[in-house]
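Subject: Model handover and notes

Dear colleague,

Here is the structure I said I would pass on.

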Amino acid sequence: MRRAPPSDDELEALREALNLETSTHKLACWQPPTCVPGVGWIAEVTLISTETYAGPRVDVILAPASVDFDEVRDGALEAAARVVEMGFDVAIELPLAETLGLVALDLDDPDLVERMTSLDTLARRRRALKACRERFAAVAERFAAVYGLRLPRSLIAWAALVQSADSFVRRGLEQLGRSGGGILIWFEAGGLEREPREGLDPRLDCRFRRDPPELVTIAWGDSDGLHYGLWFDDPVEPATTIVSNYARDSAETWDTRHRDMLGVLGEQIAEQDEPANLARVMLVAAIEWFTREAAPELAADPPSRWADVVRPAVVGSMGPALVPEHGNPQPHSESERYAAYQAKSPEVRVWIEQARAELDAIPCQSAFALVLGRELHWFDEDEWRAEGLELLVRAYRALGRDALAEIAIVHHRHRDLGSVGVF
C-alpha cells in the first residue's frame with residue numbers, strides 16, 4: 001500500500017534534521033524539502049558563519065522520490081552528522097554537497113527545468129492565466145470606477161504568476177524580495193467582493209504618506225517599505241512606466257523603465273551577482289513561461305504619449321509630464337528649492353503665491369504649481385500641507401488630470417492612517 005504524503009509536521013521535522021547551530025556556525029535548511037517525481041527529494045542547504053553570514057549554499061538531492069519517507073529523514077540526519085564529524089571550520093571551506101555526502105542538483109542541466117516542472121504546475125499556471133484573463137474586464141471596470149484610470153492588460157501576467165507560484169517559484173520571489181500587492185487583490189477569487197475597512201477609500205490601499213498621486217501599487221519589495229506601482233501621468237493615457245519607492249527610507253520614487261512587472265523581475269534577477277540556485281532558476285523559467293504564454297497581453301497596451309517626455313527635476317520623485325505650453329516648471333533650481341524646504345524659508349511662501357498667480361492668470365500654465373505641489377506633498381511639512389494640496393489639485397485640474405486631483409484629495413484627508421492596508 002502506498003504511504004500517504006507526509007504531513008506538514010513531518011516535512012518540518014525533515015527540515016529540522018538539516019539544521020544545526022554552534023556559537024560560530026549554522027547549518028540551515030530554511031524551507032521544507034520538496035519531493036519532485038523523477039528528480040527526488042530536494043533541499044536547499046546553507047552552511048554559514050554566524051559572524052559573517054557567508055558560506056556555501058547548495059541544492060541537493062536527499063533521496064530518490066520513491067524512497068520511504070523515514071529513509072529520507074534518516075538520510076538527512078546522517079548528512080548533518082557528517083558536517084559535525086568533519087568540523088564546521090573545515091566544512092565551510094569545502095563544497096557543501098560533498099561534505100553532506102549528497103548529490104548536488106546540476107543547475108546547468110538543459111533538461112532540469114522541464115523535469116522540475118510537473119504537469120500539475122503547468123495546469124495551475126494555465127488555470128491562473130485563464131482566470132486572470134476572465135477577470136480582467138471586471139477588474140478594469142472597477143479600476144476605472146474607483147481610480148478613474150486605465151488598467152493595463154500586462155497586469156494579467158503578473159497576477160497569474162503570483163497566483164500560480166509553486167514552492168520553488170515562491171522561494172525565488174522571496175529570495176528576490178518581491179510579492180504581489182495593491183490592486184492585485186482584485187484579481188484574486190472573491191477579490192472584487194472585498195470591502196475597505198471602516199468605510200475607507202480603496203485608493204488608499206498600499207498608498208504611503210509621501211507617495212505621489214501618479215503611483216498605484218502592484219507589488220511589494222522586501223524592506224524599508226519598498227513597493228512598486230504603475231505610474232499614470234495622465235488619466236486618458238495608459239500607464240507610462242512602473243516605478244519603485246522605499247516609503248520608510250527616503251520615500252523617493254524611481255523609474256524602473258519597464259512597463260510590466262515581469263520585465264522588472266527579469267532585470268533584477270540578471271543584475272544579481274550571487275551564485276545561481278534552484279529557486280532562481282525556476283523563477284526565471286516561470287517568468288519566461290508567462291512572457292511567452294501571455295505575450296498578447298504584454299503587447300496589448302499602447303505606450304503613453306508621455307513616455308519620452310523630458311521631465312523637470314523634482315525633489316523626491318520623477319518629474320511630472322509637461323510640455324512648454326504648460327509654462328516654466330522650474331523658475332528656481334531643484335537644489336535651491338530643497339534647501340528652502342529644509343530651512344523652512346519664508347521664500348517657500350513667496351513661491352506658493354507665485355504659482356497661484358500663474359494659475360490665476362493662465363490656468364493651463366500650471367507647470368510650476370504642479371512641481372511645487374508635488375514637492376510640498378513629498379516634503380510632508382504641516383506648515384505647507386494645505387497650500388501644497390491646493391496647488392496640486394488646481395494644477396491637475398487645469399491639465400485635465402482630474403483623477404489625479406481626486407487621488408490627492410482623498411490621500412490628503414487620510415495621510416495619518418496607521419496602516420496602508422485598507423482591505
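The notes below start with the overall figures and then go through the sheets, the cores and some single residues.

This is a predicted model, in which local features need pLDDT of at least 70 and side-chain atom pairs count only at pLDDT 80 or more, while totals for chains, interfaces and linings use all residues. Residues are numbered from 1 along each chain as its sequence is written, and side-chain values use heavy atoms, with hydrogens and water left out.

Overall

The protein has 16 helices and 11 strands; helices (H or I, at least four residues) and strands (E, at least two) are DSSP runs, numbered from the N terminus. Its C-alpha trace spans about 85 × 50 × 40 Å along the principal axes. Of the 423 residues, 52% count as buried. Buried means under 20% relative accessible area, exposed over 50%, and partly exposed in between, with a 1.4 Å probe and protein chains only. Among contacts with a separation of 6 or more, 63% are between residues 24 or more positions apart; a contact means heavy atoms within 4.5 Å.

Strand β4 and its partners

Strand β4 (residues 40-49) is largely enclosed by the rest of the structure, because 10 of its 10 residues are buried. Strands are taken as paired if DSSP finds at least two bridges between them. Strand β2 (residues 25-28) runs antiparallel to β4 and is joined to it by four bridges, with leucine 27 partnered by leucine 47. Strand β3 (residues 34-36) also pairs with β4 in the antiparallel sense, over three bridges, and valine 36 stands opposite glycine 40. β3 and β4 make a hairpin with three residues between them, and glycine 38 in the turn has a positive phi of about 85 degrees. Strand β5 (residues 57-63) is antiparallel to β4 and joined to it by six bridges; here valine 45 faces valine 58 as its opposite residue.

The five-stranded sheet

An open sheet is formed by five strands in the order β7-β8-β9-β10-β11, with antiparallel pairing. Its edge strands, β7 (179-180) and β11 (253-255), each pair on one side only. Three bridges link β10 and β11 in the antiparallel sense, and serine 244 stands opposite tryptophan 254 in β11. Helix α9 packs on this sheet and touches β8 (215-220), β9 (226-231) and β10, its direction making about 135 degrees with that of β9. Axes here are lines fitted to C-alpha atoms, for helices over the stretch in contact, and angles run from 0 to 180 degrees between N-to-C directions.

Methionine 261 lies in α9 (residues 261-271) and is buried, with a relative accessible area of 2%. Beyond its neighbours within four places in sequence, methionine 261 is in contact with Trp158, Ile218, Ala219, Tyr228 and Ile242.

Asparagine 245

Asparagine 245 sits in strand β10 (residues 241-246). Is asparagine 245 buried or exposed? At 1% relative accessibility, asparagine 245 counts as buried. Its side chain makes a polar contact of 2.9 Å with the side chain of threonine 253 and reaches the backbone oxygen of glutamate 252 at 3.3 Å. A polar contact is a pair of N or O atoms within 3.5 Å; within protein, one must be able to donate a hydrogen and the other to accept it, and residues adjacent in sequence count only if both atoms are side-chain atoms.

Nonpolar cores

A nonpolar core is a set of buried Ala, Val, Leu, Ile, Met, Phe, Trp, Tyr and Cys residues joined through side-chain atoms within 4.5 Å. The largest one has 82 residues, and Trp158, Ile183 and Ile218 have the most contacts inside it. Helix α6 (residues 119-147) gives the largest share of this core, 10 residues. Apart from it lies another core, of 27 residues, including Val60, Val72, Leu96 and Leu100.

Cysteines

With a disulfide taken as a pair of cysteine sulfur atoms within 2.5 Å, the count is zero. Cysteine 132 is in no disulfide, and its nearest cysteine sulfur, that of cysteine 206, is 17 Å away. Cysteine 132 is buried at a relative accessible area of 0%, and cysteine 206 is buried at 6%.

Regards
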